[in-house]
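Please look over the sequence and the model before reading on.

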Amino acid sequence: MMSTEHTYRQFDAELEAVRANVLKMGGLVEEQIMNAIEALVEGDLKLADQVEANDHNVNALEVAIDEDCTHIIARRQPTASDLRMVMMVVKTITDLERIGDEAAKIARMSRLIHQAERISLPRFTEVKYMADLVLDMLRKALDGFARLDATLAVEIARQDQAVDEEFRLNLRHLITFMMEDPRTISVFIDILFVTKAIERMGDHAKNMSEYVVYMVKGKDVRHTSLEEIEKEVL
């Protein structure tokens with residue numbers, strides 16, 4: 001009996017260590033986004049270089065956590081909610097790694113935008129607003145992961161709709177600017193890539209919140225409407 005209790009305690013400790021590493025990875029990705037946007041807005045090319053250099057830290061954490069999950073499945077053969085927990089972790093770190101990739105992409109675009117000889121540089125107010133929305137989504141997704149709070153998925157899904165609408169609005173504005181002054185086409189195409197990267201980050205944060213719903217409720221709400229998510233978790 002004591003041996004069984006010891007095994008359960010070890011298993012719980014392993015799961016908790018994995019969850020802690022996911023939150024550590026999430027904090028690193030959050031920092032990457034903030035630095036990438038600052039590099040873009042301020043024209044800080046050294047910071048852009050730092051974001052690209054730090055991308056390997058995000059990738060390394062994904063590999064390490066993935067290996068830990070593989071070992072847990074092999075040794076512990078988890079079932080039911082424990083298996084859902086491990087699967088949630090594996091999927092979450094994939095989305096976090098992809099958010100990190102998008103942050104590195106923004107850093108690369110920042111360099112292109114600020115290194116080239118431009119007639120004038122646009123303000124990045126709309127880009128900053130989109131990024132702040134996505135950062136809030138990511139923080140809520142990580143909070144939901146930490147506390148196993150599925151209700152946050154509804155708020156995140158609503159914010160994702162707002163981010164998508166902002167992207168469409170920005171796209172229309174950028175096309176208008178390019179039509180009015182063809183000399184701006186190059187820089188506005190670069191900015192379009194940035195806004196698309198931010199929109200993709202929002203999609204990944206929404207995915208993360210949906211994994212929490214699956215963990216808590218045992219219901220897969222991916223590719224469903226906001227109304228269906230609300231019905232499931234509220």
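## Terms and model

Two residues are in contact when heavy atoms lie within 4.5 Å. That is the sense in which one element covers another below. The model is predicted.

## Overall layout

The chain holds 7 helices and 0 strands. From the N terminus on, the order of elements is α-α-α-α-α-α-α. Along the principal axes, the C-alpha atoms fill a box of roughly 75 × 40 × 20 Å.

The chain has 234 residues, and 46% of them count as buried.

## Helix α7

Which residues of α7 are buried? In this helix, residues 226-233, they are L226, I229 and V233. Viewed down the axis of α7, the buried residues fall within an arc of 60 degrees, so they line one face of the helix.

The other side of α7 carries E227 and K231, both exposed. The cover over the buried residues of α7 includes α5 (152-180) and α6 (185-217).

## Nonpolar cores

In soluble globular proteins, nonpolar side chains tend to be buried together. Here the largest nonpolar core has 62 residues. Which of its residues touch the most other members? They are I33, V89 and I198. At least two residues of this core come from each of α1 (2-42), α2, α3, α4 (125-147), α5 and α6.

I33 shows how the packing reaches along the sequence. Leaving out residues up to four places away in sequence, I33 touches I99, A103, L135, L138 and M201. A second, separate core has 9 residues, including A150, V213, V221 and I229. I229 is also one of the buried residues of α7.

## Salt bridges

The salt bridge count comes to 21. One of them joins the side chains of E52 and R108, at 3.9 Å from N to O. This pair links distant parts of the chain: E52 sits in helix α2 (residues 45-76), R108 sits in helix α3, and 56 residues separate them. E52 counts as partly exposed because its relative accessibility is 26%. R108 is partly exposed too, with a relative accessible area of 38%.

K105 and E102 form a salt bridge, with the closest N and O atoms 3.2 Å apart. Both residues lie in helix α3, 3 residues apart, about one turn of the helix. Why does E102 count as buried? Its relative accessibility is 11%, and buried means under 20%. K105, at 31% relative accessibility, counts as partly exposed.

## A further pair and a network

R183 and D181 also meet through their side chains in a salt bridge, at 3.0 Å from N to O. R183 counts as exposed because its relative accessibility is 60%. D181 has a relative accessible area of 22%, so D181 is partly exposed.

Elsewhere, salt bridges that share partners join D49, E52, R108 and R111 into one network. The E52 and R108 bridge described above involves two of these residues.

## Surface and spacing

Where is nonpolar surface found? I73, L83 and M87 make a nonpolar surface patch of about 210 Å². M87 belongs to helix α3. M87 counts as partly exposed because its relative accessibility is 32%.

L112 also lies in helix α3, which spans residues 80-115. L112 counts as partly exposed, at 45% relative accessibility. How far apart are L112 and L148 in space? Their C-alpha atoms are 40 Å apart, while the two residues are 36 residues apart in sequence.

Technical notes. Residues are numbered from 1 along each chain as its sequence is written. This is a predicted model: local features need pLDDT of at least 70, side-chain atom pairs count only at pLDDT 80 or more; totals for chains, interfaces and linings use all residues. Side-chain values use heavy atoms; hydrogens and water are left out. Buried means under 20% relative accessible area, exposed over 50%, partly exposed in between (1.4 Å probe, protein chains only). Helices (H or I, at least four residues) and strands (E, at least two) are DSSP runs, numbered from the N terminus. The arc is that of the directions from the helix axis to the C-beta atoms. A salt bridge is a side-chain nitrogen of Lys or Arg within 4 Å of a carboxyl oxygen of Asp or Glu. A nonpolar core is a set of buried Ala, Val, Leu, Ile, Met, Phe, Trp, Tyr and Cys residues joined through side-chain atoms within 4.5 Å. Patches are made of residues with over 30% relative accessible area and no salt bridge: like charges are joined within 9 Å, nonpolar side chains (Val, Leu, Ile, Met, Phe, Trp, Tyr) within 5 Å. Accessible areas come from the Shrake-Rupley method with a 1.4 Å probe; for residues, only the protein chains shown count as cover.
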